[in-house]
Amino acid sequence: MYTPEEYDKIVCAEIPNKEKNEHLYNLVIKHMLHGPCGSLDPTNVCMRKNGTCKNNFPKNFCEETIQTLNAYPEYRRRDDGVQIKIKSALLDNRWVVPYNPYLLAKFDCHLNVEICSTIKAVKYIYKYIYKGHDRTSFSVVNNKSDSEIDEIKQYVSARWVSPPEAAWRIFRFCMSEIKPPIIHLQLHLENYQPMSFKKTANLQNVVDNYHLKKTMLTEFFYMNRTDKAAQDLNCTYVEFPDHFVWLPKQKYWKLRERGESIGRIMTAHPSEGERYYLRLLLSKVRCPISFDDLRTFNGVQVETFQEAALIRGLLQNDNSQEICLQEASLFHMPYEMRRLFATLLVYSCPNDPKALWQNFESSMSEDFAKCSAMTSTQVKRNVLQQIDGFLQSMGKSIHSYNLIPIGFSYENIDNETRELRAERNIVISEIDLNSIELLNEKQKKAFVVISERIYSDRPGVFFIDGPGGTGKTFLYRALLADVRSKGYLALATATSGIAASILPGGRTAHSRFKIPIDIFDGATCRVSKQTSLAAMIKEAKLIIWDEAPMAKKAAIEALDDLLRDLMNSEEIFGGKVVVLGGDFRQTLPVVRKGTKAEMINACLINSPLWHKLEKLQLIENMRAKLDPSFTQFLLRIGDGTQETNENDIVKLPSSIIVNYNNETDAIEKLINIVYPEFKDPSNKLYCSQNRAILTTKNNFVDEINDQLIKKFPGDLTEYLSYDETLNENHQSEYIDLLNTLTPSNLPPHRLLLKSNAPIILLRNLDPAEGLCNGTRLIIKSLSKNVICAKIAVATK
Ligand SMILES: Nc1ncnc2c1ncn2[C@@H]1O[C@H](COP(=O)(O)OP(=O)(O)OP(=O)(O)O)[C@@H](O)[C@H]1O
């Protein structure tokens, strides 16, 4: 349960309506009213010494149930005037202990029910799942008698055991079980394993006894050397117990026949040196056959496990940026080197950027240096200026990196000038120009109205409303091509990066107009009037904002303010021609932990601007012309008119359902339907770029990606992230856990890639060149530190 609406279905914290449900009303009064306490009764048992209630009653009135950060929700407690007299105090909804109406009615006792699905603390799992029977220790004593209190006796006589528990205990059945079992895997350096022997044993015999020396680790190596099944499984030490069972007496790993278990290597602290690095290698290296093998990489054996971990990329290397540039310099053009250098400066924060610059200046300057007309100073200036350009598109400046030699004259090219140049140089595709002729009736009408406003220099603010597939993007592209072909500027923006990437020269509206990411009502765009960005916006004949219903109204109002300010006009959007477009049936603005009402309130439709927009409707679905029944079905879902069952669930038409037997089989079948070419490796795979499997949660995405990439033809390349705890003393305890986490916005710890596979960019590396958060790319080549990829969907 993740939404306040779902909480309200289960938990209530209000006095019920007496007329409608007298039974529940009486039960709430009988069992679920707290106190009175506080000023109404300072002697109540819940009162702390400081005069406050330990359960924080009375709570505040609350119109709607609200999610709170990592705590119980604040339940709905409306100020409806209902009051109940208890012990001469009047109690209202603020005094109700959260309850579940069904349970309360069924059990007729005090039953506090809370929602803890959003609470991440592990203790709650234990508290709610493993909490034992409620127990109480009580005694009835005469206050006057001063007989001795025997707490143990009291406990024993008050301990109540239910009949099933009593039987369980009498038969000595296990009271607890851990499932799946956790196998602690031994960890030791070569010849440092613990051995147990009798005090009287002959030490030489002990040392020579091969069986005594065997450990889980030595036998793991042995199995990888000799056992075909182990070799085929190609496991890490941690994964091994999933497939093999350790027989401690025989000291032998036997192929597992049933059940499952989780392997955990004994922990080692970084201060233990080699043992720590050995552990690191064992948790990542697949099918090692010996300690020496762990120290060998690409045919080279190194002296220590630390070096081995370093060359395998498991440790953060002090000179990792240098290795990366070194690798790139072998096959990358100087322009790409400069971009990579800027990216590393921003995202890898090298300790000594200047040293890095000095080492690679020549490979970054090769192209300019070839031009004989340029002096070495000009070459250096050009290279620095271009790096500065890249840095500026990532929100940084070259001046923060101490790269410019003292006394070197360097003028900063305004990044916005560079953007203006990029904007003017957008290539207008023939297809887009020709598409003006292809517009359908409604599209044509919209095109004519908007063009008429643009070329007559009259204001116009439009909203293109059309369900998915009705050709909104098609119309924008036609408009953009038309305006740009006449030599005017037209700015194409969208709320999401992916939608921006399908518009020629498209940028996210947030980056184009510098709208703050954490937008709030009354926020303003960070564009000052004197900049060339301001000049560019002023000059633009047309501004398009696709997916406007997905943006918060505050963001669109911020653009309105910006345009009024730049144009010195009180007219809506400063009197410019602005085309907003989208479909309210698709994604609405995201209000984190917000209620449905808050999300709807954040929508453009609730902005004072909404009524001033000229609405243009597109109705003909151009995408699904061949499948009108599916189009109708989608429309009914979007309009909320599709029939649902009692749980508000829609039945999907059988034609779009993939039948399956179990979960693994389900994904397998889905993949085969979406990417049939994977079955036939001779097929050209490039068409797969245009298809995608959509799912609701990040962990499903990871699961599907994992299966997909394995099916994709070609050799796998593995990239491991290096996770670090803030406090380095916690590194050894948390490293395994950190490796399992995949926060949104970051790739998984173990990223598996193959050439030609589609990938998605997660950072705004160079928006002017189409490299935004969300840009889809196709991998061209993979090396250890550099991934070379080509933009897949955008026009550049
Ligand atoms: N007039 C037209 N003639 C030919 N094809 C068209 C026309 N209009 C749209 N299409 C095609 O129909 C498909 C859907 O159009 P488009 O992507 O522009 O729809 P949309 O409204 O932007 O959809 P969504 O809301 O899902 O983004 C595209 O393949 C587009 O090329």
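Predicted model: local features only at pLDDT ≥ 70, side-chain atom pairs only at ≥ 80, totals over all residues.
Residues are numbered from 1 along each chain as its sequence is written, and side-chain values use heavy atoms, with hydrogens and water left out.

Okay, the overall picture. The chain has 796 residues, and 40% of them count as buried; buried means under 20% relative accessible area, exposed means over 50%, and partly exposed is in between, using a 1.4 Å probe and protein chains only. Its secondary structure comes to 30 helices and 19 strands. Those are DSSP runs, H or I of at least four residues for helices and E of at least two for strands, numbered from the N terminus.

Now the ligand. Which residues come nearest to the ligand? Out of 15 around it, they are Gln443, Gly469, Lys472, Thr473 and Phe474; a residue is near if one of its heavy atoms lies within 4 Å. By class, that shell has five nonpolar, eight polar and two charged residues. Here Ala, Val, Leu, Ile, Met, Phe, Trp, Tyr, Cys and Pro count as nonpolar, Asp, Glu, Lys and Arg as charged, and the others, Gly among them, as polar. Helix H21, residues 472–485, gives the largest share of the shell, with three residues.

Let's go through some polar contacts, meaning pairs of N or O atoms within 3.5 Å; within protein, one must be able to donate a hydrogen and the other to accept it, and residues adjacent in sequence count only if both atoms are side-chain atoms. A polar backbone atom of Thr470 is 3.3 Å from a ligand oxygen. For Gly471, a backbone N or O atom lies 3.1 Å from an oxygen of the ligand. With Lys472, a side-chain N or O atom is 2.8 Å from a ligand oxygen. Taken alone, the ligand exposes 630 Å², and the protein buries 70% of that; these areas come from the Shrake-Rupley method with a 1.4 Å probe, and for residues only the protein chains shown count as cover.

Staying in H21, look at Arg484. Is Arg484 buried or exposed? Buried, because its relative accessibility is 10%. Its side chain reaches the backbone oxygen of Pro504 at 2.9 Å. Beyond its neighbours within four places in sequence, Arg484 is in contact (heavy atoms within 4.5 Å) with residues including Glu423, Ile426 and Ala490.

Next, aromatic rings. The whole structure has 18 aromatic pairs. Rings of Phe, Tyr and Trp (its six-membered ring) pair if their centres lie within 6.5 Å, with planes under 30 degrees apart called stacked, over 60 edge-to-face and the rest tilted. Tyr455 and Tyr488 make a tilted pair, 6.2 Å centre to centre with 40° between the planes. Tyr455 sits in helix H20 and Tyr488 in the loop between H21 and strand E10, 33 residues apart. Tyr455 is partly exposed at 31%, and so is Tyr488, at 37%.

Last stop, helix H9, residues 216–226, which is mostly covered, with eight of its eleven residues buried. Phe220 and Phe221 are among those buried residues. Ring pairs also link Phe220 and Phe221 into a cluster whose members include Tyr237, Trp246 and Phe305.
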